[in-house]
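Hi there,

Here is the structure I promised to send you. Have a look at it first, and then read my notes below.

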Amino acid sequence: MSNSLAVVNCAQLVTLAGARRARTGGDLRQLAIIDDGAMFIRGDRIEAAGKRREIEPLITGDCEVIDAGRRVVMPGFVDAHTHPVFAGIRANEFEQRTTGATYREIAARGGGIRATVRATRNASLKDLVKVGKRYADWFLRGGTTTIEAKSGYGLTIEDELKILRAIKQLDEETPLNYVPTFLGAHDIPSEYKTRRHLYVSLVVNEMLPRVAEETLAEYCDVFCEEDVFTTEESWQILSAARCHGLGLRVHADQLSLSGGAKLAAELNATTADHLEHVDAAGIAALKAAQVQPVLLPGSVYALGSNRYPPAREMIDAGLAVVLATDFNPGSSPTPSMPMVLSLACTQMKMTPGEAISASTINAAYSLGRGDEIGSLEKGKRADFVIHDCRDYRELAYFFGIEHAWRVYVSGELACQKPDR
Ligand code: NIG
Ligand code: FE
């Protein structure tokens, strides 16, 4: 393979170039689009992105040239909230919800997260990597090149480590990039139901030290919710995680206003995720502490709810919003960022431009990778997608189809749609 690569003939090169920070307010709509753009890549890095006439002189004989065929070229999506390693599926619960059962009722009778925990405990590392590769392929096909990946379906030391090791192996063995998060506090396992304080101690005193010692996670997350972990328990776990050098993310105010956003702000967490029930005080607290909200409309949709997080209020308050899939076998069985863009525009009234900033550059900053990915700028990793459309707004407008035509990670072709 030649060491240099040029992408030419882009109808729109959506660079998202701009200030080196997460975007807020009106900046969310500034995508820095270059019409008739082109890009020059050396090795795994972008060397230049600009007008065709600026890039053409850089193209030498040994350079591989990709003709984008007047399509849209964009950074790969960065999906900043996923649960991609689990065994089994929960189509039975999906069916039960169609006849009136709620997510919480199903969980209260031993289904939900606990059902996936049982299946995942019974799976080997090899099994998990095998199914994980199938899902990695789904992410890539949708145009996603980096995902944040949570554990949380093991809930014993060995099973949580098994999931984190599977994430590491998937990162090494697939073109998709994974950012690992320890979510040992995803649920109280049934064997600790009447001794929940002992489970919190297990997470704090045994799981976190092992995860940190083996450097298996960059972040720690907690499902802070009425029937799951209280704000006090979440505080204990997240404070301990911080002492081990982990960044903090919180499942906050998803099913009720349980104080997760305020907690995330108090702890200066990197993100507060979900926020379907957040109130004005919670939004103000996130703003004061510069916590990024990660909005997950796929889970609202798949649970058949219409309570979407108040994205417009958050944008008006100056928050650097992020959009992600929440891919998991219960509340959000989709790896599709284009589907999330459609929901963000139709249900949360974000503009297509805001939705793209939220799912690329802002997501990259929320994972501590704002200098590495999320835009097409000199020096960044060449993670980009050629989408089969002429106008970036089509990504949110035509929904339920796969737009990605060619997906590149580190300057190498990771996935392609057959030409018809
Ligand atoms: O983000 N809320 C907690 N965790 C997931 C659901 C996990 C599951 O149902 O398996 C979520 O929605
Ligand atoms: Fe989640």
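How far is an oxygen atom of ligand 1 from an N or O atom in the side chain of His 274? The distance is 2.8 Å. Please keep in mind as you read that this is a predicted model, so every value here is computed from it.

In Asp 326, a side-chain N or O atom lies 2.9 Å from an oxygen atom of the ligand, and for His 251 the distance from a polar side-chain atom to a ligand oxygen is 3.0 Å. On its own, ligand 1 would expose 330 Å², and the protein buries 100% of that area. The space that ligand 1 takes up is the largest cavity.

Now for the neighbours. There are 15 residues around ligand 1, and those that come nearest are Arg 90, Tyr 103, Tyr 153, Gln 254 and Ser 331. Sorted by class, this shell holds 9 polar, 4 nonpolar and 2 charged residues.

Next, turn to the iron ion, which is ligand 2. Which protein atoms are its donors? They are NE2 of His 81, NE2 of His 83, NE2 of His 251 and OD of Asp 326, at 2.1 to 2.3 Å from the ion. Along the sequence, the donor residues follow the spacing H-x1-H-x167-H-x74-D. His 81 and His 83 are both buried.

Enjoy exploring it!

Best wishes

Terms used
Residues numbered from 1 in each chain as written. Chains lettered and ligands numbered in written order. Predicted model: local features only at pLDDT ≥ 70, side-chain atom pairs only at ≥ 80, totals over all residues. Heavy atoms only, no water. Near = heavy atom within 4 Å. Polar contact = N/O pair within 3.5 Å; in protein donor to acceptor, adjacent residues only side chain to side chain. Areas by Shrake-Rupley, 256 points an atom, 1.4 Å probe, with all protein chains shown as cover. 1 Å grid on protein atoms, 1.4 Å probe; cavity = no way out; pocket = protein on both sides within 12 Å on 5 of 7 lines; lining within 4 Å. Sits in = over half its atoms within 2 Å of the grid points. Nonpolar A, V, L, I, M, F, W, Y, C, P; charged D, E, K, R; others polar. Donors = N, O, S within 2.8 Å, 3.2 Å for Na, K, Ca; no water. Buried < 20%, exposed > 50% of the residue type's maximum accessible area, 1.4 Å probe, protein only.
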